[in-house]
Amino acid sequence: MLLMLWSLSLSAADVGNVRVWLAPDNTRLVLDLSGPVEHALFPLDNPPRIVIDVPDSRMKADLSQLKLEGSPLRRVRSGVRNGDDLRIVLELNRKVQPRSFALKPNDQYGHRLVVDLAETALKASKKTARAKSPPAGGMRDVVIAIDAGHGGEDPGALGPGGVREKDVVMAIAHELHTLLEKEKGFKPVLVRNGDYYVELRKRTRLARRHSADLFVSIHADAFRDKRAHGASVWALSERGASSEMGRWLADTENNTDLIGGVGTLKLEDKDDLLAEVLLDMSMTASLSDSLVIADHVLTNMGRFARLHKNRVEQAGFVVLKSPDIPSILVETGFISNPREAQLLRSRKYQKKLARAMFDGIKLHFTRKPPAMTYLAWKKNGGKAAISRYKVSRGDSLSVIAQRNGISLQQLREMNRLTSDKIRIGQVLEIPVPTS
């Protein structure tokens, strides 16, 4: 089937530069333009390729210098058709799903035409390969998803001397990853591990895929007044949580996602009332833990950094709207402030910020480790804390798991269950979360 994507007809332009950004499951091709243009995009087979037609335009960039290693692009070439029209051909070495759109100028770039090449086969395999189950008997690690904001074509805020938010937060994310990797009982996961952009909703989906116990998004603020200063830590607002719960309950895509702490509670097969109760329980617990962790991190940062406010702030940031994972957003300072921009570029200061986050995270999970983790085992003196529960009328395995703050998979493994069927009077062993 022929796919055609059009933008509004505006004016002719030169393509001054072409950039390629490679992500694990997506490749982004960006054309820098001297002005806005119209364009058409369509795929061709035998051999597979994607054609982009840009009327009355010229290619000024050297396409032979593009680095295509590891991408689905075998070659990028251009030519002229109908006298004045530019045709760009993307020769492919594997199947992709193309999407194109225009971007208006910002502080760093002018007009741009963006072509995203999503690798559908890889996406499909990742959807089926869900997070690993905790090992039988417990002793799993606490998983921390570390999200360095922005990336790729999105540099984030820009500071004096050309310092870019995406670079600063990536450096801090790596420092935090190193600290957690060295600490027994923790497993850090980087949401992005390179200079590429990840869509906001996808960031939390990636955290869920790794069964994250905490999502930490790292940013650097900016404001038109260069005097604005101070670090801050954010959690989801109550209003944002309420609206997100409604979105999850109403959204078919969300309902088929796995949620519930470590991604094992499904909403799709529950009646509306039970789904709302289960999701509300999950979001309430996640928000409570988010606020506690955020307060620990803010307190630690306040020992060496200027704070924007002396309390945890709350808002409806998209990356915080995960109903099953405690989530915090750390604004490390104002990159638009010359003094703070200089600090944020410093490796020593980046290490201090990462240590403040690490200490806050460690404090929380040492005090309140999730069930069946090494940290829970250690807090219980090297013994697994177990309780026994007798199944009553109206109970279901998923409700018992949610009520006790553990995953459905953990409950199955603990009791060697091959299905979710339980009977009245049956006694289940339940790992006890320490508090």
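Select helix α8 and colour its buried residues, buried meaning under 20% relative accessible area, against over 50% for exposed and in between for partly exposed (1.4 Å probe, protein chains only). The buried residues of α8 are Tyr 349, Gln 350, Leu 353, Ala 354, Ala 356, Met 357, Phe 358, Gly 360, Ile 361, His 364 and Phe 365. Helices (H or I, at least four residues) and strands (E, at least two) are DSSP runs, numbered from the N terminus. The model is a predicted one, in which local features need pLDDT of at least 70 and side-chain atom pairs count only at pLDDT 80 or more, while totals for chains, interfaces and linings use all residues. Residues are numbered from 1 along each chain as its sequence is written, and side-chain values use heavy atoms, with hydrogens and water left out.

Remain on α8, residues 347-367. The expected span of a helix is 1.5 Å times one less than its number of residues; for the 21 residues of α8 this gives 30 Å, and the end C-alpha atoms are 30 Å apart, which agrees. Next select Ser 346, which caps the N-terminal end of α8. A side-chain oxygen of Ser 346 lies 3.2 Å from the backbone nitrogen of Lys 348.

Axes are lines fitted to C-alpha atoms, for helices over the stretch in contact, and angles run from 0 to 180 degrees between N-to-C directions. Contact here means heavy atoms within 4.5 Å.

**The six-stranded sheet**

Now display the open sheet of six strands, ordered β12-β11-β13-β16-β14-β15 with mixed pairing. At its edges stand β12 (186-190) and β15 (313-315), each with a single partner strand, so one side of each has no neighbour in the sheet. From one strand to the next, the twist averages 30 degrees. Two strands pair if DSSP finds at least two bridges between them. Strands β14 (residues 232-236) and β16 (residues 327-334) pair in the antiparallel sense over three bridges, and Ser 232 stands opposite Glu 331 in β16.

Bring both helices back into view. α8 lies across β11 (142-148), β12, β13 and β16, running at about 155 degrees to β13. α7 lies across β13 (214-221) and β16, at about 115 degrees to β16.

**Helix α2**

Select residues 165-182, helix α2. Its 18 residues should span 26 Å at 1.5 Å a residue, and the end C-alpha atoms are 26 Å apart, in agreement. Buried residues of α2 include Val 168, Val 169, Met 170, Ile 172, Leu 176 and Leu 180.

Val 15 stands opposite Leu 33 in β3.

Centre on Arg 28, found in strand β3. At 15% relative accessibility, Arg 28 counts as buried. The side chains of Arg 28 and Asp 116 are joined by a polar contact of 2.7 Å. A polar contact is a pair of N or O atoms within 3.5 Å; within protein, one must be able to donate a hydrogen and the other to accept it, and residues adjacent in sequence count only if both atoms are side-chain atoms. Leaving aside neighbours within four places in sequence, the contacts of Arg 28 include Arg 19, Trp 21, Arg 99, Phe 101 and Glu 153.

**Strand β8 and its partners**

Finally, select β8 (residues 85-92), where seven of the eight residues are buried. Strand β5 (residues 49-54) pairs with β8 in the antiparallel sense over six bridges, with Asp 53 opposite Arg 87. Strand β7 (residues 73-81) also runs antiparallel to β8, joined by eight bridges, and Gly 79 has Arg 87 as its bridge partner. β7 and β8 form a hairpin with three residues between them, and Asn 82 in the turn has a positive phi of about 55 degrees.
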